[in-house]
Amino acid sequence: MKTLDNRVARATELVIQVFIFMLLKIVAIITFSPIFVIPAALVSLASALCAHVFIKVQLSVKRELSNSKAPVLAHFGAAVSGIVSVRAFGAQGAFKAEAYRRIDRFTSVSVTFSNVTRWLNMRINMIALFFATGLATYLTYVSDLSASNTGFSLTMATAFSSVITQAIRVYNEFEMSGNGQVSSSQSYLLIEQEPKSTPEGVPPAYWPASGHLEVEKLSARYSEDGPKVLRDVSFEVVAGERVGIVGRTGSGKSTLTLALLRCILTEGNVRFDGLLTEKINLDALRSSITIIPQVPELLSGTLRQNLDPFSEHDDAVLNDALRSAGLFNLQTEDNQSRITLDTQVAGGGANLSVGQRQILALARAIVRRSKLLILDEATSAIDYETDSIIQTSLRTELGKDVTLLTVAHRLQTIMDSDKIMVLEAGQIVEFGKPRELLQKENGLLRSLVDESRDRDKLYTMAMGASSS
Ligand SMILES: Nc1ncnc2c1ncn2[C@@H]1O[C@H](COP(=O)(O)OP(=O)(O)OP(=O)(O)O)[C@@H](O)[C@H]1O
């Protein structure tokens with residue numbers, strides 16, 4: 001904002017300077033030839049008219065110019081970075097043709113742009129020429145001004161055209177940069193904000209004491225005028241239950257998790273450990289629920305800072321969480337690249353594998369003692385060993401009252417869950433114990449399992465889970 005203020009102040013200063021300069025020239029001419037006050041006023045009016053037309057036209061041409069310049073630069077960038085592939089596939093001809101096409105478009109707009117500038121220069125020069133010629137005629141044949149003052153007045157008049165052009169150019173730049181800066185700042189200022197925390201929204205200190213979740217007619221959409229992606233979803237999960245959420249792609253699984261965290265627009269009631277989540281401050285709600293996304297984000301800093309950003313726990317607790325999450329099962333004591341609390345994590349967790357990041361996200365949930373854990377299962381990029389470590393940790397290390405919702409992409413992960421929720425087009429079509437769902441004729445879960453290559457294994461898992 002400060003840079004913006006400085007730039008606007010500098011541009012304003014320049015505009016004022018040029019206009020004062022122009023005014024001084026007119027004043028100098030009028031002082032020696034007062035009769036020229038009317039031609040000077042007419043010249044200023046005519047110049048202002050030309051400037052008005054020029055600025056209007058030039059604004060859209062300049063926008064078109066930058067729109068046609070970007071594709072040229074992008075094409076060059078793509079060609080340079082992909083030069084090996086371009087040559088390997090013998091696609092030089094196609095790339096050249098495309099480059100010519102883009103350059104042609106850019107050139108035609110550039111020509112229009114310089115024509116617009118030429119249009120203005122011609123008119124301003126003509127106006128200034130008439131003015132200077134009129135003044136010279138008057139001073140030579142009518143006025144009895146001394147030779148030195150005549151020379152001075154004529155010098156002022158001949159420099160007049162360049163000052164007018166300069167004034168228009170500076171004013172135009174001022175208006176364009178002002179417009180751009182103000183409209184982009186405006187768009188940042190008008191970004192919709194989430195509701196602020198209020199004293200009434202602070203939940204009691206004991207909350208949440210359990211992971212009991214009651215959802216009643218929950219609908220969700222991504223924007224005010226967008227369609228309902230989740231429609232009247234109602235279900236109840238008692239504390240400590242493990243629920244798998246399945247459904248075909250686009251059925252609303254991720255949307256449900258976002259709706260529970262109030263990250264999108266929702267209607268209906270969600271009660272978490274007895275409290276309506278819409279009445280609770282967002283920071284309190286989101287810090288009591290942990291979500292482990294497919295690719296967890298980590299912050300740049302040490303592992304310790306990532307697990308405990310506010311330094312609320314000692315190393316023993318953090319190490320315990322790492323062990324429970326399964327990190328130490330992945331590495332041996334003598335491993336040189338062993339991950340410890342002092343390991344530096346790159347921005348986003350770029351120096352760790354997706355599996356390691358999921359394990360750390362799980363450790364974070366253990367440290368925070370979240371009562372509701374939402375796991376968006378990683379579909380790929382995670383090896384069998386890491387996956388089974390995570391699954392074992394989830395089954396053995398979480399407290400008995402911790403509710404686990406797993407958005408599953410592989411049925412194996414959730415077939416031994418307490419319950420399975422099947423979503424279809426934003427609605428719950430099945431919700432119950434795996435064994436019961438598999439017995440339903442034409443059931444959706446049953447059809448998903450029957451389509452799977454591991455059909456028999458899945459049936460065995462479901463029967464085993466339900467009987468336990
Ligand atoms: N940011 C968004 N803006 C608008 N619509 C969205 C957005 N994200 C998802 N949707 C829509 O919401 C619907 C449900 O998407 P969602 O991501 O919840 O499905 P999903 O079941 O998680 O799919 P997948 O298994 O592929 O992850 C889809 O029709 C999708 O087009």
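## A pair within the sheet

V243 stands opposite L405, a residue of strand 10. The structure shown is a predicted model. The pairing of strand 3 with strand 10 (residues 403–407) is parallel and extends over four bridges.

V243 also stands opposite K419 in strand 11. Strand 3 and strand 11 (residues 419–424) are likewise parallel, and five bridges connect them. Of the six residues of strand 3 (residues 242–247), five are buried, so the strand is largely enclosed by the rest of the structure.

Strand 11 and strand 12 run antiparallel and are joined by five bridges. Here M421 stands opposite F431 of strand 12. In general, strands of a sheet pair through backbone hydrogen bonds, in either a parallel or an antiparallel manner.

## A residue of strand 11

L423 lies in strand 11. Is L423 buried or exposed? L423 has 24 other C-beta atoms within 10 Å, and because a residue with 20 or more counts as buried, L423 is buried.

Leaving aside residues up to four places away in sequence, L423 touches I245, G247, S251, G252, K253 and I428. L423 and S251 are 172 residues apart along the chain, yet their C-alpha atoms are separated by 5.7 Å.

## Around the ligand

Which residues surround the ligand? They are Y222, G226, V229, G247, T249, G250, S251, G252, K253, S254 and T255. By class, this shell has two nonpolar, eight polar and one charged residues. Helix 7 (residues 253–260) supplies the largest share of the shell, with three residues.

## The chain as a whole

The chain contains 16 helices and 12 strands. It has 468 residues, of which 28% count as buried. Among contacts between residues at least 6 apart in sequence, 76% join residues at least 24 apart.

Conventions: Residues numbered from 1 in each chain as written. Predicted model: local features only at pLDDT ≥ 70, side-chain atom pairs only at ≥ 80, totals over all residues. Near = placed C-beta within 6 Å. Helix = DSSP H or I, 4+ residues; strand = E, 2+ residues; numbered from the N terminus. Nonpolar A, V, L, I, M, F, W, Y, C, P; charged D, E, K, R; others polar. Buried ≥ 20, exposed ≤ 12 C-beta atoms within 10 Å, placed from the backbone. Pairing = 2+ DSSP bridges. Contact = placed C-beta atoms within 7 Å.
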